[in-house]
Amino acid sequence: MKRAFPILAVLTALLLVYAFYQALWVAPTDALQGEVYRIIYYHVPSAWTAFLLFFINFIASVQYLANARPSTARAAKWIVIAIGIVGFIAPFIPQVRQQLPTGMYPSSVATTALIIAALYFVIGKYFGGQDLGGFSAFILAVNTSGVMSPFMPRVMRRFFTKVFGAYGAADGQDLDVLAVTTAEVGVVFCTIVLVTGPIWARPVWGIWWAPGDIRLTSTLVLWLIYVSYLVLRRFSDSAQTQKLAAVLAVFGALDVPLVYFSIWFFRTQHPQPVIGGGGSIDPRMLHVLLINWMAFLCFAFLVCWSRYRLEKLRREVEETEALESLLDPAGPPAASSAAKVPFSRGPK
Amino acid sequence: MNSIKFLYAAYIATWLIHSLYVGSLIGRYRRLRQQKKELERGQSR
């Protein structure tokens with residue numbers, strides 16, 4: 001996998017350059033706002049990426065807490081399956097459908113519910129060592145029996161076995177590393193949202209910031225919650241830091257839907273969402289927006305990958321230092337430098 | 001509306017923030033690598 005990093009980095013850089021070119025030169029000029037509207041191609045993809053990273057942080061934190069006991073892990077698994085089923089069916093029930101905000105499609109709500117459930121299990125598999133239970137056994141039985149062979153290509157069977165197959169023992173540390181990684185990178189993207197937003201608002205609204213506006217305020221609160229999460233991890237010496245941080249992340253993530261849905265349920269100066277909402281956008285602009293989001297997602301993935309490896313290395317160094325200090329009462333040669341690495345308290 | 005400078009400011013700010021963060025990651029990684037080497041040297045002595 002390490003060898004893939006430079007290739008992916010080059011491809012991401014090319015995609016970012018292409019997205020930049022599309023944003024500045026190919027996308028049509030807005031009739032009302034003029035050229036300044038092109039900030040949307042950085043502002044909106046950054047916001048979506050930050051929300052996604054905070055959501056992954058939320059799932060990793062929930063799993064970290066749930067995996068502490070097998071019974072809780074099982075209960076959490078069934079709750080997620082229930083959320084997936086109810087979230088998929090409910091939007092199509094007429095009474096529920098009427099309650100959906102204007103412009104929000106039942107199919108998009110149903111798809112989101114399924115993605116949430118799937119993401120929980122995928123993260124559990126790759127970072128929590130969690131088994132998928134009956135579904136995993138079913139997929140393995142189908143694959144090994146060869147029942148599906150005539151219908152399913154080998155590559156697809158391999159994919160299903162890889163994704164849903166059985167895997168190793170549970171280790172909550174990987175979930176914790178994933179949580180701190182996504183929180184930190186999410187804060188970076190959220191910072192960009194909070195910086196580019198006022199820069200866009202000044203020429204369009206005539207003000208840098210609309211005090212009391214629910215969308216703006218809730219985004220600022222979201223940023224503050226995750227900054228406090230990182231500060232807690234950096235400065236707390238308690239053995240319970242990881243648990244406290246996970247609890248803070250679970251409650252902090254409740255602000256994400258508030259930020260997203262605030263423009264439907266409250267009066268706000270912020271425009272309606274361009275996808276799945278009451279807002280509208282030229283298809284050519286939407287095309288460029290999606291290209292930019294794809295580029296930012298790839299960039300975020302690479303940054304998260306680097307940050308993840310960094311955190312693993314930091315914990316490895318910290319463990320070696322702890323071992324050294326146990327063996328040698330005088331202490332290791334560079335014992336003091338671990339404290340210089342910010343936002344990176346590890347297991348005690 | 002002379003708004004082009006705001007557009008440039010937003011794009012520059014975005015890449016400045018990303019550059020600072022990636023730079024901080026590289027700095028932290030180098031420090032840790034150095035620290036790891038020192039520890040390995042200490043172990044071999």
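Please keep in mind that the model is predicted. Chain A holds 12 helices and zero strands, and 34% of its 348 residues count as buried.

**Chain A overall**
- Read along the sequence, chain A runs α-α-α-α-α-α-α-α-α-α-α-α.
- Among contacts in chain A with a separation of 6 or more, 76% come from residues 24 or more positions apart.

**Helix α8 of chain A**
- Helix α8 of chain A covers residues 172-205, which makes 34 residues.
- From its first C-alpha to its last, α8(A) reaches 47 Å, close to the 50 Å expected at 1.5 Å a residue.
- Because 26 of its 34 residues are buried, α8(A) is largely enclosed by the rest of the structure.
- After α8(A) comes A:Gly206, with a positive phi near 85°.

**Where α2 meets α5 in chain A**
- Helix α2 (residues 40-66) and helix α5 (residues 106-128) of chain A pack at an angle of about 65°, and their axes are 10 Å apart.
- The crossing of α2(A) past α5(A) is right-handed.
- On the α2(A) side, the contact is made by A:Ile56, A:Ile59, A:Ala60 and A:Gln63.
- On the α5(A) side, the residues are A:Leu119, A:Tyr120, A:Ile123, A:Gly124, A:Phe127 and A:Gly128.
- By type, the residues of this contact divide into seven nonpolar, three polar and no charged.

**Where chain B meets chain A**
- Chain B brings 23 residues to the contact, and chain A brings 31 residues.
- The side of chain B that touches chain A has 15 nonpolar, four polar and four charged residues.

Note on methods: Residues are numbered from 1 along each chain as its sequence is written. Chains are lettered from A and ligands numbered from 1 in the order in which they are written. This is a predicted model: local features need pLDDT of at least 70, side-chain atom pairs count only at pLDDT 80 or more; totals for chains, interfaces and linings use all residues. Two residues are in contact if their C-beta atoms, placed from the backbone, lie within 7 Å. Ala, Val, Leu, Ile, Met, Phe, Trp, Tyr, Cys and Pro count as nonpolar, Asp, Glu, Lys and Arg as charged, and the others, Gly among them, as polar. Axes are lines fitted to C-alpha atoms, for helices over the stretch in contact, and angles run from 0 to 180 degrees between N-to-C directions. Helices (H or I, at least four residues) and strands (E, at least two) are DSSP runs, numbered from the N terminus. A crossing is left-handed if the near helix is turned anticlockwise from the far one by less than a right angle, and right-handed if clockwise. The expected span of a helix is 1.5 Å times one less than its number of residues. A residue is buried if 20 or more other C-beta atoms lie within 10 Å of its own, exposed if 12 or fewer, and partly exposed in between; C-beta atoms are placed from the backbone.
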